Amino acid sequence: VLAAAGSGKTRVITRRIAYLVSRGVKPWQMLALTFTNKAAGEMRERVEHLLGGGDSRSARGLTITTFHALCARLLRKYAERAGLNPDFSIYDSDDQLSLCKKAIEAAQLSSTNFPPRSVLSAISKAKNELHDAEAFAARAPDFSGRNVAKVYAAYTRGLRAANAVDFDDLLLLTARLLQRDAGVRAELQSRWRYLLVDEYQDTNI
């Protein structure tokens with residue numbers, strides 16, 4: 001649903017879920033996504049209310065969650081097929097900054113010329129465009145970009161060595177898994193027949 005703030009997007013989605021259930025669609029066949037834990041909680045409460053309360057069997061198996069939480073769940077389930085260990089950790093912003101500083105040193109660059117936060121921002125932007133370190137390097141247009149690509153590669157190696165991912169990896173690695181693994185894609189397509197996305201105007205590629 002794509003519409004302006006306060007125009008009733010969440011209401012449309014929650015009513016549609018209730019309608020689909022009333023038409024015989026199984027709750028576990030529906031996936032509803034939004035951006036924050038608070039929004040997901042509110043959506044879940046509204047749906048449960050429409051379906052008869054939190055104890056109602058009508059809502060059992062329904063997946064209402066955030067993009068990042070869903071991706072983390074899928075990556076743990078299909079970890080090996082995504083090239084990860086199932087017990088991977090998720091780095092927060094402080095962990096990312098610390099690793100980025102080490103990656104800048106590993107690339108033999110100066111953090112004065114390549115401030116860690118700016119480099120992290122460039123890496124985050126690349127990941128949100130579904131460009132891994134190799135793809136980023138191939139697209140780097142100038143000297144600065146090529147050096148950021150070196151840091152990106154070192155940063156990625158550091159994450160994998162620590163059995164870790166960052167928040168952007170949750171999206172990038174899940175998207176790549178779904179693009180490349182027909183078996184996983186078919187399994188999820190057969191489970192979730194209805195995909196409902198709130199705040200769609202804020203989604204990335």
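Mentor: Start with a term: buried means under 20% relative accessible area, exposed over 50%, and partly exposed in between, with a 1.4 Å probe and protein chains only. The model is predicted, so local features need pLDDT of at least 70 and side-chain atom pairs count only at pLDDT 80 or more, while totals for chains, interfaces and linings use all residues. Residues are numbered from 1 along each chain as its sequence is written, and side-chain values use heavy atoms, with hydrogens and water left out.

Trainee: Is serine 124 buried, partly exposed or exposed?

Mentor: Serine 124 sits in helix H5, residues 116-128. Helices (H or I, at least four residues) and strands (E, at least two) are DSSP runs, numbered from the N terminus. The relative accessible area of serine 124 is 23%, so this residue is partly exposed.

Trainee: How many helices and strands does the protein chain have?

Mentor: Along the sequence the pattern reads α-β-α-β-α-β-α-α-α-α-β-α-α-β. The protein chain has nine helices and five strands.

Trainee: What percentage of the residues in the protein chain is buried?

Mentor: The C-alpha atoms fill a box of roughly 60 × 35 × 25 Å along the principal axes. The protein chain has 205 residues, and the buried part of them is 43%.

Trainee: Which residues does aspartate 166 contact, leaving aside its neighbours within four places in sequence?

Mentor: Aspartate 166 is in the loop between strand S4 (164-165) and helix H8 (167-180). Its relative accessibility is 1%, so aspartate 166 counts as buried. Contact means heavy atoms within 4.5 Å. With those neighbours set aside, the partners of aspartate 166 are Tyr91, Gln96, Lys127, Tyr155 and Leu159.

Trainee: How many salt bridges does a search of the whole structure find?

Mentor: Side chains of opposite charge can pair when their charged atoms come close. A salt bridge is a side-chain nitrogen of Lys or Arg within 4 Å of a carboxyl oxygen of Asp or Glu. Searching the whole structure gives eight.

Trainee: How many residues apart in sequence are the parts that aspartate 181 and arginine 81 tie together?

Mentor: These two side chains form a salt bridge, at 3.0 Å from N to O. Aspartate 181 lies in the loop between H8 and helix H9 (182-191) and arginine 81 in the loop between helix H3 (67-77) and strand S3 (89-90), so the parts they tie together are apart in sequence by 100 residues.

Trainee: Are lysine 127 and aspartate 169 buried or exposed?

Mentor: The side chains of lysine 127 and aspartate 169 meet in a salt bridge, 2.9 Å from N to O. Lysine 127 is in helix H5 and aspartate 169 in helix H8, so the pair ties together parts 42 residues apart in sequence. Lysine 127 has 2% relative accessibility and aspartate 169 has 2% as well. By the cut-off of under 20%, lysine 127 and aspartate 169 are buried.

Trainee: Which residue forms a salt bridge with arginine 176?

Mentor: Arginine 176 is partly exposed, with a relative accessible area of 21%. Its partner is in a salt bridge whose closest N and O atoms are 3.1 Å apart. That partner is aspartate 132.
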